[in-house]
Amino acid sequence: MNVLIDGQNVAVEEGWTVLEAARYYGIDIPTLCYMDGLTPYSGCRLCVVEIVRGKRSRLVASCSCPVEDGMEITTKSERVLHARRMIVELMLATTPNSRTLQCLASELGVTKVRFKGEDRRCILCGLCVRICDEQMTGGAIGFARRGVEREVSMPFHKTPEACRECGACLYVCPVCELPCMGVMEPGELCNACLDTVQLDPFPSRD
Amino acid sequence: MGGTDTKTLAEFVAGLVESYEGERSKLSAILHEIQKEYNYLPEQALRDVSTLMEVPMTDVYGVATFYTSFSLVPKGKHIVTVCMGTACHVRNSRGILDEICRFLKIGSGETTEDSSFSLETVNCLGACALGPIMVVDGKYHGGMTAAKVKRILKKYQKDEAFEEVPAGRLGSVEELQAYRQAASVARYTGKTSVCVCAGTGCQASSSLDVLEAMRVELKGHGLEGDVVLRGTGCHGFCERGPLVVIGDDNIFYQKVKPEDVAEIVSETVVNGRAVERLLYQDPATGARVTSKEEVPFYAKQNRQILGPNGALDPYEVDDYIARGGYAALAKALFEMQPGGIIEEVDKAGLRGRGGGGYPAANKWRAARKAHSVDGVKYVLCNADEGDPGAFMDRCLLEGNPHSVIEGMIIGAIAIGATHGYVYVRNEYPLAVRSISHAIEQAKAKGLLGPEILGSPFSFDISVSRGSGAFVSGESTALMASIEGRVGEPREKYIHTAVRGLYVRPTNLNNVETWANVPLIINEGAEKYASVGTEGSKGTKIFSLVGKITNTGLVEVPMGITLREIIYEIGGGIPNGKAFKAVQTGGPSGGCIPESLIDIPVDFDELYDVGSMMGSGGMIVMDQDTCMVDVARYFLEFLCDESCGKCTPCREGLKHMAEIVEEVTEGRATMDQLELLEELAEVVRDTSLCGLGQTAPNPVLSTIKYFAEEYREHVVEKKCRAGVCRALVSYSINATACDGCMKCSAQCPSDAITGKKKKPQAIDAAKCEKCGICYEVCEQRAVTRM
């Protein structure tokens, strides 16, 4: 079957997701909660692309949306980019020091966080939960509670026997890595990678 | 916990798991039982459940913390629940909650030090017509006021608990018909019918006491043989409850008290004379009307679905059969082909009553076509009626459960389904009881189960209880919840008709949709489709609540105007106030302003004006309702109910709520209003499920139609409705005040001082702006700025 992706007519295989098709043809779509080998989760919404059908179009999560013959996909329309910028801005309000997020902000041209900040150090992408369950057969961590109170947690906040301390959860986490060195305060943006705003990557902490 | 207790707990849990055969789908049911027994979920109990059921501890913990029905900390002896539904909200449920907090000296979600009371809030109990509602230990108390709070809670403190009165296979069509005749003779022909409404709304006005008094009185007169006494489901006119309807003439009594029962029996039942003082009085003309049909509230309605509610006992399958029940099932089984059933439903133009309005026949066709690996397909009934302000599904399940069951069986025949589930929210205990009982009765009569009515078709239905999560009404979340998992949605690029419950083809419709099915089969598509508009056929049930004279459930033909519903059926706005807006579609819908009051009500028209049909909540707002406050209310509701899986819904709604809260406090800027709109668009565009995608509607529709009110809050720091506490102040006009001291007696913060028969004064520093003084002042001396 064929799809039209960013104006190019390309052959795809049935069962592929839009993300797989795009990556196969070298088109980059940013993702945070997606990882090869883990079940798609579709939670971060960063991978949204625009699907045009006649006069109507809608945004879908490319990581889980299967390709259909004749599908018309736009991965970098203004509507898509605007949505991605807003999502990164929302995430930065809760996770200001993630290097991954700061770099994404620079790439997408996010120059301001307009929301009240609160450092929660987690974007709830669920990579750790899935790698523990699906690849390490651990099932030691899971989601608890809901809404803004949702958290990745061990039951009753006690380390269960199922945890072998393999460290896979830390390995996949986009937040608990070496923090972005350009950012001092929650809500601040590094943007060191942007030409427009140059910050000293290692400012003295006085 | 001591050694013996631990043993008992372990034994209790082991026994439970065994009785449910360790099935994963029974996880919620097992947790409910533990919660009921211990008032909370002890950690050890969860660990035992995990081990015995071989479900990972993380999953058990996830389920236990996701749903509001479960608690990991011990609860008090009495559970006080305050309804925070939309209808209760516009009638000041927040004030009631404040009063309870003051009286018990705890906040919401807390337990008193002596463990006697726990205070909780719930997002709609479905008794909207009687709001504000407070529930203590399952007993409903309607029309709450600050004074009533103290009176009722004091009774519980003294432990004067209120009492609650609990309320052969047919092998062929011929046997069904013969049974119908016998049931008709036993239950209707030549008998006087006395129907006392025992729906949740009337129960909140103590209708069970009336029912019991009636039973005793009829027995005293030796009338048991000639009279059939029925505790029926909801009649719809909840505001006037308890309701009693008598005889073939439908003599209609309202606001009946147990003391009135003796007179009703001797006058009406024995002598056929009406008791004048209990009849409904038309407020326009002052005339008393005798029969139910003459009451203006009912006269304009078309109650083809709700009507039977008032005439049958939901716990007696004989009543349903006697009135022609299960005839549609017989027709579908023996006279129609599955494809023909779908054709008929298609021609009837039946659209989903749960909110989306998707054509039912299309869904059925897809599920019929879909391949199942082992031949198993499911039909589900969505009774997770979480929209605050809507309660028609509860009434149907409580009042006429067999109509829903019959609809589901017919759907199962059409689709080729083998098993069904009714997913009912836990906040509806009466509905759970009624549908469970009806399923047992239908099975006993051979109308459900193996080889229905002697045909080769077999189908069974189970009840699955929700556990307090609005998002579980979303189709994929509902299916996850039935499977015993956390009720959060997944992407459905592959439809549930193809891959649904347990990865099998599944068809989900809501209660009201299913209840329409027998009618379509009985009457034929053509007659059914003669009611309604081009795109929306049949009738729709709305719960008409809020600032309206006649509150209750109304069933109207599609295409009726909002004006007809509000003024002709609803009797207009009480206390001479001006109509401002009507909110439809619950948290996914929008507010429709007065300028659009003449639009015909159907799926497409409501969508076009930025709202939606939803499940049918219709909350009327008057001049005293602040539209920004309404937006804030819905955002808080949605933040509470978002599952938190996707970023835009979890984080976006939180920040939207923050901004709107700043608007209500007069701290926002016009730039923030723009950001609010920008964010709302992204949340709508990118959220994973329907909850997030429609969540911005209440905000966007109020910004669209009431932009001026937003501007006033931001620029002029003014709330014209006087609702936003940060923007109002109260003072007493000394010349108008006669010093009756009603206000100072009621003021919870002792902010009002003054001598008797002298003008009173408010101390602004102490004033909490609750507005009680404004409400109680008969001289209108209290002014609100």
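The domain assignment divides chain A of this predicted model into domain 1 (2-76) and domain 2 (127-172), with bounds taken from an automatic or database assignment. The centres of domain 1 and domain 2 of chain A, taken over C-alpha atoms, are separated by 29 Å. Six residues of domain 1 of chain A and six of domain 2 of chain A form the contact (C-beta atoms, placed from the backbone, within 7 Å). On the domain 1 side, four residues are nonpolar, two are polar and none is charged. Ala, Val, Leu, Ile, Met, Phe, Trp, Tyr, Cys and Pro count as nonpolar, Asp, Glu, Lys and Arg as charged, and the others, Gly among them, as polar.

Residues are numbered from 1 along each chain as written, and chains are lettered from A in the order of writing. In this predicted model, local features need pLDDT of at least 70, and side-chain atom pairs count only at pLDDT 80 or more, whereas totals for chains, interfaces and linings use all residues.

The contact between the chains takes 34 residues from chain A and 32 from chain B. On the chain A side, β4 (56-61), α2 (78-94) and β6 each supply at least two residues. Helices (H or I, at least four residues) and strands (E, at least two) are DSSP runs, numbered from the N terminus. The largest share, six residues, comes from α2(A). This side of chain A has 21 nonpolar, seven polar and six charged residues.

Helix α4 (residues 57-66) of chain B is largely enclosed by the rest of the structure, because ten of its ten residues are buried (20 or more other C-beta atoms within 10 Å of the residue's own). The buried residues of α4(B) pack against β6 (142-144) of chain A and against α2 (27-38) and α3 (43-53) of chain B.

Notes
A residue is buried if 20 or more other C-beta atoms lie within 10 Å of its own, exposed if 12 or fewer, and partly exposed in between; C-beta atoms are placed from the backbone. Two residues are in contact if their C-beta atoms, placed from the backbone, lie within 7 Å.
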